[in-house]
Amino acid sequence: MSLLDASWWIALLGVAAVPLVLFVETGLLVGFFLPGDSLLFTAGVLTATAVGSPAHLPLAAVLVGAPLGAVLGAQCGWWIGRRAGPALRSRDRSPRVRGAMDRADGFLRRYGYGKAIVLARFVPVVRTVINPVAGALRVPTATFTLWQIVGGVVWAVGLTLAGHLLGASIPGVDQYLLPIIAVIVVVSLVPVVVELVRGHRRVGRGS
């Protein structure tokens with residue numbers, strides 16, 4: 001069992017893994033480590049497998065479920081931040097999570113609400129914490145909702161279709177699923193590691 005392994009989630013829950021994992025990753029701070037990027041790309045690859053294959057996922061179901069989970073999760077995170085407010089930055093929280101919150105705060109101030117909310121979708125960890133941070137900073141409901149829907153749909157549908165196109169371009173993709181998924185997992189972990197290293201450095205400078 002590996003919570004970081006997108007294929008494990010799909011094997012366990014099937015197509016339902018996509019909206020569920022994305023909801024938790026983007027809506028709850030405890031989900032910051034979940035494999036959103038690799039899950040979307042892997043699910044996209046699996047939609048290109050032969051219908052009837054044990055690994056096959058229906059493209060339409062993924063294209064509906066993925067943005068739905070991402071959008072509802074982000075809105076849930078914003079609501080939690082709105083309710084919790086300053087308590088989110090409690091010293092009891094993990095230094096990495098607090099560091100990611102500081103970066104999310106910087107995103108909002110540097111790029112403005114709309115651009116920051118969309119860009120954060122593509123940055124692991126930051127896409128988890130920017131939603132409650134936006135709520136705590138009282139980003140207007142309509143502004144946050146509009147841009148998180150735009151970002152969520154672009155991120156979820158874009159990565160899914162990228163995976164589908166890759167799978168469709170490889171004849172007999174079913175035979176190469178294990179190495180393809182292994183590469184996806186490794187590549188998707190790179191930005192996560194980068195974020196963790198940045199957070200560690202920030203913590204080190206602050207101590």
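This is a predicted model: local features need pLDDT of at least 70, side-chain atom pairs count only at pLDDT 80 or more; totals for chains, interfaces and linings use all residues.
A residue counts as buried here when its relative accessible area is under 20%. By that rule, the buried residues of H3 are Gly36, Asp37, Ser38, Leu39, Leu40, Thr42, Ala43, Gly44, Val45 and Leu46.

**Overall make-up**

The secondary structure amounts to 9 helices and 0 strands. From the N terminus on, the order is α-α-α-α-α-α-α-α-α. The protein has 207 residues, and 43% of them count as buried. Take the contacts with a separation of 6 or more: 74% of these link residues 24 or more positions apart.

**Helix H3 and its two partners**

H3 is mostly covered, with 10 of its 11 residues buried.

| Pair | Angle | Axes | Handedness |
|---|---|---|---|
| H2 (residues 17-27) and H3 (residues 36-46) | about 165 degrees | 10 Å apart | left-handed |
| H3 and H8 (residues 141-169) | roughly 45 degrees | within 6 Å | right-handed |

Take H2 with H3. Angles over 145 degrees count as roughly antiparallel. H2 and H3 are therefore roughly antiparallel to each other. On the H2 side, the contact uses Ala17, Val18, Val21, Leu22 and Glu25; on the H3 side, Gly36, Leu39, Leu40 and Ala43. By class, the residues of this contact are 7 nonpolar, 1 polar and 1 charged.

Now H3 with H8. The axes cross at roughly 45 degrees. That makes H3 oblique to H8. H3 contributes Gly36, Asp37, Leu40, Phe41, Gly44 and Val45. They meet Trp155, Ala156, Leu159, Thr160, Ala162, Gly163, His164, Leu166 and Gly167 in H8. The class count for this contact is 8 nonpolar, 6 polar and 1 charged.

Gly36 and Leu40 take part in the contact with H2, and also in the contact with H8.

**Thr160**

Thr160 sits in helix H8. Its relative accessible area is 0%, so Thr160 is buried. Neighbours within four places in sequence set aside, Thr160 is in contact with Leu40, Gly44, Leu59, Val62, Leu63 and Ala66. Leu40 and Gly44 in that list are also among the buried residues of H3.

**Nonpolar cores**

In soluble globular proteins, nonpolar side chains tend to be buried together. In this model, the largest nonpolar core has 21 residues. Leu108, Ile130 and Phe144 have the most contacts inside that core. The elements giving two or more residues to it are helix H4 (59-84), helix H5 (95-111), helix H6 (113-120) and helix H7 (126-136).

Phe144 has contacts beyond its neighbours within four places in sequence: Ala74, Gln75, Trp78, Ile117, Asn131, Ala134 and Val139. Asn131 and Ala134 are buried residues of H7.

**Helix H7**

H7 is also mostly covered: 10 of its 11 residues are buried. Those residues are Val126, Arg127, Thr128, Val129, Ile130, Asn131, Pro132, Val133, Ala134 and Gly135. Ile130, in that set, is one of the residues with the most contacts in the largest core. Just after H7, Arg138 takes a positive phi of about 60 degrees.

How values were computed: Residues are numbered from 1 along each chain as its sequence is written. Side-chain values use heavy atoms; hydrogens and water are left out. Axes are lines fitted to C-alpha atoms, for helices over the stretch in contact, and angles run from 0 to 180 degrees between N-to-C directions. Helices (H or I, at least four residues) and strands (E, at least two) are DSSP runs, numbered from the N terminus. Angles under 35 degrees count as roughly parallel, over 145 as roughly antiparallel, 65 to 115 as roughly perpendicular and the rest as oblique. A crossing is left-handed if the near helix is turned anticlockwise from the far one by less than a right angle, and right-handed if clockwise. Contact means heavy atoms within 4.5 Å. Ala, Val, Leu, Ile, Met, Phe, Trp, Tyr, Cys and Pro count as nonpolar, Asp, Glu, Lys and Arg as charged, and the others, Gly among them, as polar. Buried means under 20% relative accessible area, exposed over 50%, partly exposed in between (1.4 Å probe, protein chains only). A nonpolar core is a set of buried Ala, Val, Leu, Ile, Met, Phe, Trp, Tyr and Cys residues joined through side-chain atoms within 4.5 Å.
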